[in-house]
Each structure stands twice: as C-alpha cells, then as structure tokens.
Amino acid sequence: MKTLFLIRHAKSSWDNQLVNDHERPLNKRGIEDAPKMGDLLKASYATPEKILCSTALRAKQTASAIQAKWFPQQKVEFNVQLYEETASTILDIVHSTNQKINSIALFFHNPSITYLTSILTSLSIPDIPTCGVAILESEIKNWKHLEVGSCTLLNFEYPKKKKEA
C-alpha cells in the first residue's frame, strides 16, 4: 500500500509586483493556515517517509510550517521540477521513488496538483485550494506502477473546509 500527500502551497502574497513569481512569499492568511494544516495532518496521519518540495519560496514556507507540526525530524528535499512543471513530470518524479518507501508528501502548485489528483483518482476535482491536501492511497507495490485511476482519494482537506461546513 502506498500513500501520497499532495499539498498545495498556502496563500501567497501579491503585494509586491516587482517580486518574481518564484520568490513570492506567503501572505498573512497563508502564514496562519499552514501550521493549522500541519496540526490536522499530525492528528490523523503518520509522518511521511519522503518529503519533496518545490523550490518556490511560498512552497518552502508552507513545507517548513507544516514540517514543524507534522514531521519535525524529517528532511525536506527540494526539487525545481515541482515548480511549474506538468502533472506528467511530477508523476515521473514519484515513479522514480524507491519502492521501499510507502508514503510521500509533495508540496507544489496549481494547476499541476489539481490535474495530478484528478488523473490518479479518475475523479473530476475542480480545484485544490491553497494549503489544500489531497491524500491518495494505492494498492500498488512499486511507485513506477502508479497510473491513471490507480488511487483512491482517502481525504481532501483545506483550511476553509471547516468554515464551509
């Protein structure tokens, strides 16, 4: 059994139009939401065995805030391909993971996160909101066998979910 935690970065700031997209930081709401999601994940899920994060500042800040709550002892690996790459490229990254690893958390961006979640689960997911987490499970034994429709959506959490209920 393999578990994937697909995590979109928290809400970022558009205050400074001179900052390039890769260097945009989290805004106030993003800074508040990320640790809350870390607490929620810690309460329900074991620490992922591998953590990969986009090199964009907002993704790094999100991973750091969630790391402090959920997986403080785990190392975060940064991968530039998680920034603005296609769902197919991100799937290639997952495919290259050692089969002995059973859980991976990936911190990255839209639209790739929404598209990847939709194709792996064969569900029509319109949008993974900022700081949203899609938790997927698959009965595959090797990551290279992860393919369209091979996952079940275990849970879909995001900061505004509690407010909408």
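A: Buried means under 20% relative accessible area, exposed over 50% and partly exposed in between, with a 1.4 Å probe and protein chains only. This is a predicted model, in which local features need pLDDT of at least 70 and side-chain atom pairs count only at pLDDT 80 or more, while totals for chains, interfaces and linings use all residues. Residues are numbered from 1 along each chain as its sequence is written, and side-chain values use heavy atoms, with hydrogens and water left out.

Q: Which residues of α4 are buried?
A: Helices (H or I, at least four residues) and strands (E, at least two) are DSSP runs numbered from the N terminus. In α4, S112, I113, T114, L116, T117, S118, L120 and T121 are buried, which is eight of its ten residues. The cover over them includes β1, α3 (87–95), β4, β5 and β6, where contact means heavy atoms within 4.5 Å. S122 follows α4 and has a positive phi, near 55°.

Q: In what order do the six strands stand in the sheet?
A: Two strands pair if DSSP finds at least two bridges between them. Here the open sheet runs β3-β2-β4-β1-β5-β6, with mixed pairing. β3 (76–78) and β6 (152–157) each have a single partner strand, so one side of each lacks a neighbour in the sheet. From one strand to the next, the twist averages 20°. Helix α4 (residues 112–121) packs on this sheet and touches β1 (2–8), β4 (103–108), β5 (133–138) and β6. The direction of α4 makes about 150° with that of β1; axes are lines fitted to C-alpha atoms, for helices over the stretch in contact, and angles run from 0 to 180 degrees between N-to-C directions.

Q: Which strands pair with β4, and over how many bridges?
A: β1 pairs with β4 in the parallel sense over six bridges, and L4 stands opposite I104. β2 also runs parallel to β4, joined by four bridges, with L52 opposite L106. L52 has a bridge partner in β3 as well, namely E77; β2 (residues 50–53) and β3 pair in the parallel sense over three bridges.

Q: Which way do the residues of β4 point?
A: In a regular strand the side chains alternate between the two faces of the sheet. From β4, S103, A105 and F107 point one way, while I104, L106 and F108 point the other way. Six of the six residues of β4 are buried, so this strand is largely enclosed by the rest of the structure.

Q: Which residues of α1 and α2 meet?
A: A34, P35, M37, G38, D39, L41 and K42 in α1 meet T62, A65, I66, K69 and W70 in α2. The axes of α1 (residues 28–44) and α2 (residues 57–70) come within 8 Å and cross at roughly 40°.
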